[in-house]
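Student: Could we go through this structure together, a piece at a time? I would like to begin with the strands.

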Amino acid sequence: MAMRARHKIRAPRRGGTSAAKPESFDAIWSVLSSSLTEINTKNASTLAFEELYRHAYKIALMMRGEELHDKVKELEQQWLQNNVQKLITGSISSILVRTHNSLDAPDQSNERREAGEKFLAALKDAWEDHQLCMGMVTDVLMYMDRMVLASHTKPSIYVVCMALFRDHILRSSVRPGSELKVIEMLESTILFMIQLERSGHMIERPLIRHCIQMMEGLYETITEEESTKLYLTIFEPAFLDTSKDFYQAEGRRLLEIGDAATFCRMAIQRIVEEQERCQYTLAITTQPKILDLLDEHLIRTNIAEVVNLEGTGVRHMLDHNHLDALRDIYSLNARVDPKKEALAKAVNKRIVEMGKDINALSKQFPPTPAPSAKKDEKSDRKEKATDKQRPVNQQTESAIRWVDEILALKRKFDDVWEKAFLSDQGLESSIMGSFSDFINMNPRSSEFLSLFFDENLKKGIKGKTESEVDALLDNGITLLRYIKDKDLFETYYKKHLSRRLLMKRAASMDAERQMISKMKMEVGNQFTQRIEAMFKDMTISEDLSANYKDHVSKTGDPDQKPVDLEVNVLTSNMWPMDIMASTKEGTVQLPCIYPKEISSLIHSFERFYLGKHNGRKLSWQASMGTGDIRATFKRPNGKVQRYELNVSTYAMVILMLFNDTPDGEPLTYQEIQMRTQIPDHDLIRNLQSLAVAPKTRVLKKDPMSKNVQPADRFFFNHEFHSPFVKVRIGVVSGGANKVENTDQRKDTEQKMSEERGGTIEAAIVRIMKQRKNLMHQQLMTEVISQLNSRFVPDVHMIKRRIESLIDREYLERISEEPPTYGYIA
Amino acid sequence: MDSSQSEYVTLVSCDGFEFILPRSTACVSGTIRRMLHPSSKFSEGISGRCVLDDMTGVVLEKVCEYFCYNEKHKDQANVPDMDIPPELCLELLMAADYLDT
């Protein structure tokens with residue numbers, strides 16, 4: 001380059017006086033060594049950094065840096081051995097040496113502690129001085145260091161000096177000729193201090209922290225790998241070891257105290273303590289290790305025992321609502337087991353126990369008049385009907401109480417779950433599981449729950465706000481979720497619902513609809529299909545009644561006194577017909593003979609209806625109807641009192657018989673029976689309500705007794721008296737929904753199992769149609785999974801159904817090993 | 001006087017030239033940084049005055065110019081080259097090595 005060529009490059013000049021006289025290595029070293037000693041004795045302020053640096057620089061330039069390196073190392077080693085080491089060993093008092101091996105010697109703990117603190121302080125000072133001086137030395141020798149490092153033959157002087165400290169201070173003997181090393185002394189002293197702190201004493205945390213930092217700053221090898229820190233190789237294992245022993249003993253000690261809440265509190269406190277210790281006294285890297293150890297030895301080994309501690313364990317906490325203690329135990333259990341098995345088990349056990357108590361209570365309560373009930377079963381039906389009335393009502397009550405109690409229990413555990421178990425998902429499902437378990441242990445749970453809904457939809461929701469009703473229904477629905485046999489519930493619900501609808505007992509149609517939509521959300525469309533159909537029938541019937549009224553007024557019925565008719569036309573397969581037709585198997589029920597006014601009305605309606613819908617058959621369910629009659633009572637004083645009576649259809653038919661009977665003449669039971677053809681069962685009940693019930697005694701009975709006998713005679717009671725003009729005469733034990741008696745239960749169960757058989761067959765055929773061929777085991781699992789939302793199918797029943805389908809040639813056996821079926825199209 | 005707090009330091013050449021620079025600017029050099037480090041108990045650290053016995057005023061002036069240049073263009077890309085007289089470059093090289101810059 002032209003520009004550069006013009007200038008000459010001057011040779012570097014040695015500036016200043018030093019350049020003039022070339023110095024020998026030894027001369028420079030003597031200056032340096034005396035200066036380094038000055039540094040060690042903390043007299044550096046008289047030294048000029050630049051001068052020392054320049055000396056080192058010169059030596060490095062002479063290419064004798066490594067020599068200097070060795071010399072410095074030697075010098076520092078001498079210094080440590082001759083001065084520092086004495087200081088340290090001098091600070092170790094004999095008590096420390098004596099008590100070295102024992103972790104706790106309570107009688108001497110104070111002296112030992114003082115001696116230990118002195119020792120630690122001396123060590124800390126020595127270390128800090130060494131660190132500082134070596135820092136300065138390294139700075140001064142930086143130029144040399146750079147050279148040495150570049151040649152890769154030796155480690156940095158700083159590292160070397162640190163290693164010197166390790167070897168000549170920490171690894172020196174405590175006493176001349178003693179096996180005991182300073183580092184072992186250090187370890188045992190710190191462990192002793194920690195032990196003191198664990199037993200509640202205050203200790204000099206920063207001091208220990210400094211010593212720990214020293215061990216963290218020193219390495220086993222010159223390469224200074226993280227894993228070879230003295231802290232990690234020597235102290236931490238020892239610390240963990242003693243901690244393990246300590247916490248094993250601590251666990252035993254706490255268990256012996258025998259109070260679960262205390263155990264949890266102490267354990268949590270220990271965890272916090274250890275965390276703090278790692279933060280302020282030891283190294284933060286130890287925290288996960290010591291916590292693991294704590295989890296393992298203090299918690300995991302003991303948690304099951306703590307949970308089950310007699311009298312103070314989880315059971316006690318649940319019973320006494322000790323949410324704080326439960327929360328503690330939950331957090332402990334969560335530390336060692338993500339599933340929280342021990343806790344879940346205990347909680348589940350308690351739930352099932354409490355649930356069983358509730359179940360037992362609901363069974364226990366009713367049979368207080370048990371002996372009489374037993375006797376009744378043998379005697380005739382009439383007696384049974386009356387005597388069972390009271391217990392049955394009580395049973396209904398207890399069914400509703402059963403539901404209420406379960407809801408209360410559920411609320412309690414929801415509360416516990418939310419507040420103590422931090423809404424833990426796993427525990428939620430296990431709690432739900434145990435609820436489901438005990439609820440399904442009660443074979444009548446479906447019935448009870450339906451009764452609960454019935455009661456609330458009839459009376460319970462009156463005067464409640466919408467949101468209250470909503471919450472109430474939601475509660476019920478939650479229980480429905482637990483019930484496995486949903487089809488059984490459906491049956492009962494339909495039965496109770498039909499009574500509510502037909503007898504107009506439902507308090508609010510809105511609430512009913514709300515209930516259905518809730519069920520639909522919970523269980524599915526299929527489940528509510530029929531129930532919805534029932535509602536549809538009701539609305540259609542309303543229209544129909546209106547249309548018929550219209551029709552009658554237009555055609556001008558020849559009947560002079562038209563009777564208002566309100567009909568409900570029900571689709572027979574949607575409604576639980578069995579509750580209406582009270583026929584027993586084997587007996588053919590003759591239709592009831594209606595008085596002529598009524599029968600002409602019936603004919604008229606049938607003509608009207610069949611004119612609209614061809615090919616349908618109407619069958620009249622008198623047992624479900626009601627009638628309003630205006631009755632005239634002649635009082636002895638000649639006055640006439642009128643009452644409007646609202647009675648069941650049967651009662652209306654009975655009362656109208658007296659229209660054709662001369663005044664004062666009696667009708668016997670048999671006469672009534674013959675002329676009306678009302679089934680015995682219903683007739684007895686209706687006569688009871690007309691002649692026995694004290695407030696609605698429209699008929700007089702002779703003899704005056706509770707039970708109706710075939711030979712009893714009935715008179716029209718002109719003395720009937722009531723404060724109201726409109727009188728509602730309910731049928732004894734007819735209208736209300738209540739717990740079934742044993743016979744009815746058997747009936748329901750039988751019907752249920754028939755229905756289930758059909759459902760199972762349908763499911764089998766559905767599956768096979770799709771799959772064509774399927775192994776037995778697979779078919780079983782598919783059927784069960786398909787039906788699970790409705791009920792838990794019985795395996796034997798499925799097997800029987802498969803057999804029967806094979807017999808009827810829907811399926812065939814393809815092979816025996818393994819058993820496989822094929823679908824026959 | 002607590003020099004470690006003072007904002008400026010003095011660099012002295014072997015022939016007696018004194019250069020006063022902001023502390024942070026001078027500390028671009030590793031050697032000077034160590035020399036002046038607050039925890040260092042050396043006389044430089046205490047007085048805030050560094051005598052560089054190996055450097056002439058001419059070289060030290062250029063060195064100080066570089067310190068300022070460095071400080072000015074810190075954290076920038078595409079900075080203009082500093083003008084270095086060719087006759088000084090060998091000595092500057094040695095100074096840079098010495099000062100660990």
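Student: How do strands β4(A) and β5(A) run, and how many bridges join them?

Tutor: In this predicted model, β4 (residues 699–702) of chain A runs antiparallel to β5 (residues 713–716) of chain A, and four bridges join the two. One bridge pair is Lys701(A) with Phe714(A), the latter lying in β5(A).

Student: Which residues of β4(A) are on the covered face?

Tutor: Leu699(A) and Lys701(A) form the covered face, while Lys700(A) and Asp702(A) form the uncovered one. In a regular strand, side chains alternate between the two faces of the sheet.

Student: What is the strand order in the open sheet of three strands?

Tutor: The order is β1-β2-β6 in chain A, and the pairing is mixed. At the edges are β1 (626–634) and β6 (726–728) of chain A, each of which pairs on one side only. From one strand to the next, the twist averages 30°.

Student: In which sense do β2(A) and β6(A) pair?

Tutor: They pair in the parallel sense, over three bridges; β2(A) covers residues 640–648. Asn646(A) has Arg728(A), in β6(A), as its bridge partner.

Student: Which helix packs on that sheet?

Tutor: Helix α27 (residues 649–657) of chain A packs there and touches β1 and β2 of chain A. The direction of α27(A) makes about 140° with that of β2(A).

Student: Changing topic to α2(A): which of its residues are buried?

Tutor: Trp29(A), Leu32(A), Ser35(A), Leu36(A), Ile39(A) and Asn40(A) are buried. These residues lie on the same side of α2(A) because they cover an arc of only 145° around the axis. An α-helix has 3.6 residues a turn, so residues three or four places apart point the same way.

Student: And what is on the face turned away from the buried side of α2(A)?

Tutor: That face carries the exposed residues Asp26(A), Ala27(A), Ser30(A) and Ser34(A). On the buried side, the cover includes α3 (49–61), α4 (65–91) and α6 (109–140) of chain A.

Student: Which residues have the most contacts inside the largest nonpolar core?

Tutor: They are Ala56(A), Val137(A), Val140(A), Met144(A) and Cys211(A), in a core of 88 residues. Its largest share, 11 residues, comes from α6(A).

Student: What does Ala56(A) touch?

Tutor: Leaving aside residues up to four places away in sequence, Ala56(A) touches Leu32(A), Leu68(A), Val140(A), Leu141(A), Tyr143(A) and Met144(A). Leu32(A) is one of the buried residues of α2(A). There is also a second, separate core of 74 residues, which includes Ala260(A), Val307(A), Phe448(A) and Tyr493(A).

Note on methods. Residues numbered from 1 in each chain as written. Chains lettered and ligands numbered in written order. Predicted model: local features only at pLDDT ≥ 70, side-chain atom pairs only at ≥ 80, totals over all residues. Buried ≥ 20, exposed ≤ 12 C-beta atoms within 10 Å, placed from the backbone. Arc of directions from axis to C-beta. Contact = placed C-beta atoms within 7 Å. Pairing = 2+ DSSP bridges. Axes fitted to C-alpha atoms, helices over the stretch in contact; angles between N-to-C directions. Core = buried A, V, L, I, M, F, W, Y, C linked by C-beta atoms within 7 Å.
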